[in-house]
Number of protein chains: 2
Amino acid sequence: MQPLEGQLTMQDQGTKVDEAMARSAKPAGTDETQVNAARERFQRIYSILRSRICMLDYPPGTRLSEEALAAEFGISRTPVRRVLGWLESQGLLRSVQGVGTIVTDVEIGAFAQVYQLRMELAELVGKLSPVPPSEETIRLFHELEARGVELVARPDPRNFAQLNIDFFHALMRLTENEPLREISERLYYQTARIWLKSISHMDLAEEVAVFAREIAEIRTAVEIGDVSAAAYIRRSHISMSFVRLSTTSALR
Amino acid sequence: MQPLEGQLTMQDQGTKVDEAMARSAKPAGTDETQVNAARERFQRIYSILRSRICMLDYPPGTRLSEEALAAEFGISRTPVRRVLGWLESQGLLRSVQGVGTIVTDVEIGAFAQVYQLRMELAELVGKLSPVPPSEETIRLFHELEARGVELVARPDPRNFAQLNIDFFHALMRLTENEPLREISERLYYQTARIWLKSISHMDLAEEVAVFAREIAEIRTAVEIGDVSAAAYIRRSHISMSFVRLSTTSALR
DNA sequence: TTTTCTTATATTGTACACAACAGCATCTAG
DNA sequence: CTAGATGCTGTTGTGTACAATATAAGAAAA
């Protein structure tokens with residue numbers, strides 16, 4: 001089997017894509033056999049576009065152009081459409097013939113439902129196949145805590161969002177229940193962008209401070225191996241986050 | 001990639017749907033806005049293939065041919081590939097270049113994890129946005145109970161599977177939490193076929209009898225409007241079903 | 001006989017041309 | 001001047017030819 005040399009591999013390292021996405025490479029779980037470049041490229045573009053959506057590079061209502069994306073990645077519309085199809089199945093996009101591919105928005109009702117469910121799933125992380133945190137995991141949480149401290153010193157919405165995402169993925173290390181991970185991830189990406197959008201109408205400094213405390217608390221629980229406690233802390237903060245969002249009427 | 005102010009509320013008055021489209025019965029669950037024939041056809045084929053997979057018409061390991069499916073539905077490979085892409089994102093298929101599109105199997109470990117999660121989600125149906133059962137819903141459960149009685153009289157694996165599916169969808173009426181519905185449905189379709197495959201190695205008559213009792217119990221709870229009780233009954237039966245499956249080593 | 005390389009063949013992946021469709025601007029009839 | 005019709009333009013959906021790939025069969029050499 002010859003390694004990837006056909007056609008457009010040279011354009012792959014063409015650096016036309018955001019280099020910043022290198023970090024957000026696949027939140028574990030997918031240790032697929034990367035025997036071919038096609039699947040790898042698919043995953044790469046999928047992660048990039050998903051990140052752009054939830055980081056509000058593509059705010060809700062944005063019209064994506066298949067052709068523009070194809071040009072950006074140096075491929076044709078066909079593989080782009082496959083990625084968009086997956087994102088549509090995840091509820092992040094909606095394609096309408098003659099109109100375009102539009103980034104979805106989440107109405108207030110559905111938002112509340114997702115948050116309710118996310119609370120319950122967060123609790124389940126401590127109940128279904130909890131994993132005793134490894135040294136590496138503990139170190140990761142320490143690193144996240146440090147980033148939280150730095151964020152408090154210099155609040156910034158985008159760094160806030162990125163830390164939130166990375167913190168979420170770190171939490172997913174605490175359970176080995178793969179379906180729970182997948183579903184939690186799906187729901188997280190459905191609401192993260194709405195949450196981020198609302199942040200601009202709220203007290204950023206206070207939100208950052210609360211989040212930094214959450215990280216510190218959970219780091220403490222993780223350090224002593226009490227995954228269940230970490231899960232309950234997480235649940236409570238998801239709950240409080242939603243209450244703050246509702247009371248400030250930051251949602252529409 | 002400019003933001004779109006007008007959002008997407010304009011296609012509602014379009015309604016120039018081609019009425020010639022076959023009105024095939026979609027097995028509930030997906031109440032998409034059928035503004036165009038393309039989306040309707042997509043949903044139709046998607047439901048058909050998903051049903052074939054979970055009814056074991058396509059047992060795990062089966063290799064599907066895009067071309068054959070295209071010929072069967074009278075279309076080209078392109079729209080077929082879109083449907084297969086969605087099924088792949090749901091974890092029911094896996095496409096490998098040069099090999100084919102293969103119906104996935106579920107290993108014993110992942111099966112157990114999904115069952116654990118399904119138990120918890122079943123309980124949540126009674127907690128997150130439970131819906132007071134309407135007269136129509138109660139009638140539906142009565143009908144299901146009758147079908148259960150009939151099944152006990154004449155056990156049949158295929159009818160068993162179909163009743164199981166319909167019963168599941170009826171249970172989903174008991175909550176208005178749409179994300180919970182979607183996720184429960186996804187997990188159900190991931191494991192239903194494995195469960196059905198194992199039935200052949202178990203005591204069909206006994207399984208049918210237990211299932212009929214479950215329906216009767218839950219019908220009783222639903223009839224008096226106690227959705228929470230119905231959810232707990234369901235949870236307990238999912239649990240017992242998994243125990244029976246494990247003890248008889250019907251899994252592999 | 002066994003092993004290894006080659007070749008045939010079937011399948012999914014990709015590119016591209018065109019069809020279907022929606023929205024908008026323009027034009028024309030009254 | 002207004003209102004409706006009509007073509008223009010850009011978008012996604014579909015069909016089709018071809019490329020890339022994996023598997024299996026077969027041939028050739030040890």
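Predicted model: local features only at pLDDT ≥ 70, side-chain atom pairs only at ≥ 80, totals over all residues.
Chain A and chain B bury about 3,500 Å² between them. Of that area, 54% is on carbon and sulfur atoms.

Now the charges. The interface of chain A and chain B has 4 salt bridges. One of them joins the side chains of E182(A) and R186(B), with N to O at 3.0 Å. Side chains of opposite charge can pair when their charged atoms come close. As for polar contacts between chain A and chain B, the count is 11 residue pairs, with both residues at pLDDT 80 or more.

On to the DNA. There are 22 residues around DNA strand D. The ones that come nearest are L64(A), R81(A), R41(B), S76(B) and T78(B). So both chains are on that list. Look at the DNA side too: sugar and phosphate make up 66% of the atoms of DNA strand D that come within 4 Å of the protein.

Here are some individual distances. A polar backbone atom of L64(A) sits 2.8 Å from a phosphate oxygen of DNA strand D. For E66(A), a polar backbone atom is 3.4 Å from a phosphate oxygen of DNA strand D. R77(A) goes to a base: a polar side-chain atom of R77(A) is 3.0 Å from a base oxygen of DNA strand D.

Which element gives the most to the surface near DNA strand D? Helix 3 of chain B does, with 3 residues. That helix spans 77-89. Helix 4, strand 2 and strand 3 (100-103) of chain A also supply at least two residues each. The residues of this surface divide into 7 nonpolar, 10 polar and 5 charged.

Last topic: pairs within chain A. Over all chains, the structure holds 24 aromatic pairs. F168(A) and Y188(A) form a stacked one, 4.2 Å centre to centre with 5° between the planes. F168(A) lies in helix 7 (residues 157-172) of chain A and Y188(A) in helix 8 of chain A, so this pair ties together parts that are 20 residues apart in sequence.

Take R147(A) and D166(A), whose closest N and O atoms are 3.0 Å apart. Why does this pair tie together parts of chain A that are 19 residues apart in sequence? Because R147(A) lies in helix 6 (residues 135-153) and D166(A) in helix 7.

Technical notes. Residues numbered from 1 in each chain as written. Chains lettered and ligands numbered in written order. Heavy atoms only, no water. Buried area = accessible area lost by both parts, 1.4 Å probe. Polar contact = N/O pair within 3.5 Å; in protein donor to acceptor, adjacent residues only side chain to side chain. Helix = DSSP H or I, 4+ residues; strand = E, 2+ residues; numbered from the N terminus. Nonpolar A, V, L, I, M, F, W, Y, C, P; charged D, E, K, R; others polar. Phe/Tyr/Trp six-rings, centres within 6.5 Å; stacked < 30°, edge-to-face > 60°.
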